[in-house]
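Hi,

Here is the structure I said I'd pass along.

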Amino acid sequence: MSTTTEQKGFVLWFTGLSGAGKTTIADVVEARLKHRGSKIEVLDGDVVRTHLSKGLGFSREDRDTNIARIAFVANLLARNEVPVITAAISPYRETRDAARDLIGDGKFIEIHIATPLEECEKRDVKGLYAKARAGEIKEFTGISDPYEEPLDPEIKIDTTDHEPHDSADIILEYLEVNGFLAPAGELEGALA
Ligand code: ADX
């Protein structure tokens, strides 16, 4: 018998430029999943870099180490039925593919937050793009360092024409359609 409360592990692997909206959307998806009674853990690049990846910089080697650590922890959680959202730039295709291989294709959901560079730079929430343009920050993704777009992500969202709640809708619908999440209302219906 299927139970609507059964929890499945999966990883929502966000990738995209700094300022694309990864953290903002992750926060909304996290809140919405919690509201639906799901477990959820978030591994945010900026936060991971203050603990697990403290001291790492932005060379390719350090970014790869950072991403490998995030993938390692995400896998530990997902295989124990704890859904995970990762929100790091993760600029290298090969490194994201290694994360996909580790976690398993069936559980790895790559989400390209595909906000164009011009829009990210226009927002410049942290003021880092201005510093990168002025040469004060080296190896800045999109300006002086590469970002390799996903070729075939499970989901692609451009936040230029989506509010965070719209983006979260797209992601939650994907989870429902693909059997990772019981449709909204099903649990209430089952308990009625
Ligand atoms: S990743 O490349 O290793 O995936 P991660 O997501 O952890 O990057 O960290 C990116 C964040 O670090 C950015 O959102 C920004 O706030 C900050 N940052 C500082 N320096 C850089 C840089 N050179 N390139 C990109 N982001 C930087």
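**Notes on the sheet and a surface patch**

β1 is mostly covered, with five of its five residues buried. Keep in mind that this is a predicted model.

As for the neighbours, β1 (residues 11-15) pairs with β3 (residues 84-87) in the parallel sense over four bridges. Within that pairing, valine 11 has valine 84 as its bridge partner in β3, and phenylalanine 14 has alanine 87. β1 also pairs with β4, again in the parallel sense, over five bridges; here threonine 15 has histidine 112 of β4 as its bridge partner.

Zooming out, the open sheet has five strands in the order β2-β3-β1-β4-β5, with parallel pairing. β2 (41-44) and β5 (155-157) are the edge strands, each pairing on one side only. On average, neighbouring strands are turned by 15° against each other, direction ignored. Helix α7 (residues 164-177) lies across β1, β4 (108-113) and β5, and runs at about 170° to β5.

One thing on the surface: Phe72, Leu76 and Leu102 form a nonpolar patch there, with about 270 Å² of accessible area together. Leucine 76 sits in helix α3 (residues 60-78). Its relative accessible area is 31%, so leucine 76 counts as partly exposed and gets past the patch cut-off of over 30%.

Cheers

Note on methods. Residues are numbered from 1 along each chain as its sequence is written. This is a predicted model: local features need pLDDT of at least 70, side-chain atom pairs count only at pLDDT 80 or more; totals for chains, interfaces and linings use all residues. Side-chain values use heavy atoms; hydrogens and water are left out. Patches are made of residues with over 30% relative accessible area and no salt bridge: like charges are joined within 9 Å, nonpolar side chains (Val, Leu, Ile, Met, Phe, Trp, Tyr) within 5 Å. Accessible areas come from the Shrake-Rupley method with a 1.4 Å probe; for residues, only the protein chains shown count as cover. A salt bridge is a side-chain nitrogen of Lys or Arg within 4 Å of a carboxyl oxygen of Asp or Glu. Helices (H or I, at least four residues) and strands (E, at least two) are DSSP runs, numbered from the N terminus. Buried means under 20% relative accessible area, exposed over 50%, partly exposed in between (1.4 Å probe, protein chains only). Two strands pair if DSSP finds at least two bridges between them. Axes are lines fitted to C-alpha atoms, for helices over the stretch in contact, and angles run from 0 to 180 degrees between N-to-C directions. Contact means heavy atoms within 4.5 Å.
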